[in-house]
Amino acid sequence: MKSALITGVTGQDGSYMADILLEKGYKVYGMIRRSASPNLWRIAHILDKIEILYGDLTDQSSLDNILRKVTFDEIYNLAAQSFVQYSFGAPVSTTDITGVGVLRLLEATRQYAPGARLFQASTSEMFGKIQETPQKETTRFYPRSPYGTAKAFAHYSVVNYREAYKLHASCAIMFNHESPRRGEEFVTRKITKGIAEFKKTGKKLSLGNLNASRDWGHARDYMEAAWLMLQQETPDDYVLATGETHTVKQWLEKACEFGGVDFWDAYTQNPAFERQAEVDYLKGDYSKAKQVLGWEPKVKFDELVKEMVEADEAFINNSLPR
């Protein structure tokens, strides 16, 4: 039986990764930070099937201890401070977790688990002020936020450790990926949850820039690609995307359609939610992942929006635990 460590197991990506690995018969370990009130709702259905380990990307000794004590075949690093807007207000902590934290994990892997295969979640936010369209593995990075710069540092750290120490370490440059498990601070969940609340209370949804364009896929699809990446003999980096771009306004309009509400009734503009330096347009080219991994995104844009609208309506109307 293969064993895998998932950092950030309580997050959207980590919870889907745990589901996938359990289905494939893995022994799954999930790393979480110690907290008086841990947020476990995304993994509540599998808590009895995985083993929780306590660690923190900001604490080298905790990572060393985990990798010394348990032998892992695969390591999926899905932990990060991943909210872009928050990174402007907390650039140092974002960089420590999202950037330097990956270096700490790489160093622990080099020292204590050099035979493990490592996956790093990179991001399309590294492209930032785009230099070419669509964006692919060779597109120059131009990040426009502390989050994007931290992720770029982490990405190049993985490349460096792969080349310098021959680690089997791969990065997925993942474009925006959503699901009903997405955090409520992200615009897609903010929209779908906001529509459900509007239908129940009449409170309007307040948003910033509606013109930003993103390439949106489903988180589970991207985690399936993550697993495929670590099954390859040779480590490498891959863009994971859908090749389709939609604006925030299009997401909102589609969510209103599925929610059965009028766009102009449900929405109000709020400049306070706009970024200091916006990333205007992202569109990924996943042809390398298709060619090498045999991977393609399964969930289309409309299906994704519909799934999230229906999930948030069920959550709001039934007061489901979160």
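# A tour of salt bridges and cores

Select Glu 313 and Lys 199: their side chains form a salt bridge, with N and O 2.7 Å apart. This pair ties together distant parts of the chain, since Glu 313 sits in helix H11 (residues 301–318) and Lys 199 in helix H6 (residues 187–201), 114 residues apart. Lys 199 is partly exposed, at 43% relative accessibility. Keep in mind throughout that the model is predicted.

Next, select Arg 104 and Asp 96. Here too the side chains meet in a salt bridge, at 2.6 Å from N to O. Arg 104 is buried, its relative accessible area being 16%, whereas Asp 96 is partly exposed at 26%.

Move to helix H7 (residues 219–230) and pick Arg 220 and Glu 224, which lie 4 residues apart, or about one helical turn. They form a salt bridge whose closest N and O atoms are 3.4 Å apart. Arg 220 has a relative accessible area of 22% and counts as partly exposed.

Then select Glu 184, Arg 189, Lys 193, Glu 197 and Asp 312 together; salt bridges with shared partners join these residues into one network. Over the whole structure, the search finds 21 salt bridges.

How many disulfides does a search of the whole structure find? The count is 0.

Now turn to the nonpolar interior. In soluble globular proteins, nonpolar side chains tend to be buried together. The largest nonpolar core in this model contains 34 residues, and Ile 6, Met 17, Leu 21, Tyr 76 and Phe 119 have the most contacts inside it.

Centre the view on Ile 6. Leaving aside residues up to four places away in sequence, Ile 6 touches Gly 14, Met 17, Ala 18, Leu 21, Val 28, Tyr 29, Gly 30, Met 31, Tyr 76 and Leu 78.

For the last stop, select Leu 63, Leu 67, Ala 79 and Ala 108. These residues are among the 25 that make up a second, separate core.

Methods. Residues are numbered from 1 along each chain as its sequence is written. This is a predicted model: local features need pLDDT of at least 70, side-chain atom pairs count only at pLDDT 80 or more; totals for chains, interfaces and linings use all residues. Side-chain values use heavy atoms; hydrogens and water are left out. A salt bridge is a side-chain nitrogen of Lys or Arg within 4 Å of a carboxyl oxygen of Asp or Glu. Buried means under 20% relative accessible area, exposed over 50%, partly exposed in between (1.4 Å probe, protein chains only). Helices (H or I, at least four residues) and strands (E, at least two) are DSSP runs, numbered from the N terminus. A disulfide is a pair of cysteine sulfur atoms within 2.5 Å. A nonpolar core is a set of buried Ala, Val, Leu, Ile, Met, Phe, Trp, Tyr and Cys residues joined through side-chain atoms within 4.5 Å. Contact means heavy atoms within 4.5 Å.
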